[in-house]
Amino acid sequence: MRPVFKVIIIYEIAFFIFWNLLYYSNIGIDHWIEKEFLTALFTFLSTMALGFAFVYVVFITAKLTGMLKKIKGLKDPRKN
């Protein structure tokens, strides 16, 4: 599996868990989601897009500054 797909899957799982925690921790949010479904869908999708944009900006910044090469050059302490 390509690393991009792993990142996407991890990203989707993280936001799924986040929204489940938000849904089950607050009594009033389930009523809000049922009452205003399109608003809830927009909020959910825009939160995911915002998270993706943030991760992408951090990745591109690390790539442009050469930080990714430094990170890849680190030795794994588990291996001798």
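Buried denotes a relative accessible area under 20%, exposed one over 50%, and partly exposed the range in between (1.4 Å probe, protein chains only). The model on display is predicted: local features require pLDDT of at least 70, side-chain atom pairs count only at pLDDT 80 or more, and totals for chains, interfaces and linings use all residues. Residues are numbered from 1 along each chain as its sequence is written, and side-chain values use heavy atoms, with hydrogens and water left out.

**Stop 1: helix H1**

Select residues 3-25, which make up helix H1. Helices here are DSSP runs of H or I with at least four residues, strands are runs of E with at least two, and both are numbered from the N terminus. H1 has 23 residues and reaches 33 Å from its first C-alpha to its last, close to the 33 Å expected at 1.5 Å a residue. The expected span of a helix is 1.5 Å times one less than its number of residues.

Within H1, colour Tyr11, Phe15 and Trp19, which are buried. An α-helix has 3.6 residues a turn, so residues three or four places apart point the same way.

Next, show the side chains of Val4, Phe5, Ile8, Ile9, Ile13, Phe16, Ile17 and Leu21; these form a nonpolar patch on the surface, with about 770 Å² of accessible area together. Patches are made of residues with over 30% relative accessible area and no salt bridge, like charges being joined within 9 Å and nonpolar side chains (Val, Leu, Ile, Met, Phe, Trp, Tyr) within 5 Å. The areas come from the Shrake-Rupley method with a 1.4 Å probe, and for residues only the protein chains shown count as cover.

Glu12 belongs to H1 and is partly exposed at 33% relative accessibility. Asn20 also lies in H1 and is partly exposed, at 27%.

**Stop 2: the aromatic cluster**

Which residues form one aromatic cluster? Select Tyr11, Phe15, Phe18, Phe52 and Tyr56. A search of the whole structure finds four aromatic pairs. Rings of Phe, Tyr and Trp (its six-membered ring) pair if their centres lie within 6.5 Å; planes under 30 degrees apart count as stacked, over 60 as edge-to-face and the rest as tilted.

Tyr11 and Phe52 form an edge-to-face pair, 6.1 Å centre to centre with 65 degrees between the planes. Because Tyr11 lies in helix H1 and Phe52 in helix H3 (residues 37-65), this pair ties together parts that are 41 residues apart in sequence. Tyr11 counts as buried at 13% relative accessibility, whereas Phe52 counts as partly exposed at 47%.

Phe52 and Tyr56 form a stacked pair, at 6.1 Å centre to centre and 20 degrees between the planes. These two residues are four apart in helix H3, and are therefore separated by about one helical turn. Tyr56 is partly exposed at 46% relative accessibility.

**Stop 3**

Leaving aside neighbours within four places in sequence, Ile33 is in contact (heavy atoms within 4.5 Å) with Tyr23 and Ala40. The C-alpha atoms of Ile33 and Tyr23 are separated by 8.9 Å, the two residues being 10 apart along the chain.

Continue to H3, whose 29 residues should span 42 Å at 1.5 Å a residue; its end C-alpha atoms are 42 Å apart, which agrees. The buried residues of H3 are Ala40, Met48, Gly51 and Ala62. After H3 comes Gly66, with a positive phi near 85 degrees.

Two C-alpha distances can be drawn at this stop. Glu12 and Thr61 are 22 Å apart in space and 49 residues apart in sequence. Asn20 and Phe52 are 18 Å apart in space and 32 residues apart in sequence.

**Stop 4: the salt bridge**

How many salt bridges does a search of the whole structure find? The search finds one, a salt bridge being a side-chain nitrogen of Lys or Arg within 4 Å of a carboxyl oxygen of Asp or Glu. Select Arg78 and Asp76, whose closest N and O atoms are 3.0 Å apart. Arg78 is exposed, with a relative accessible area of 74%, while Asp76 counts as partly exposed at 26%.
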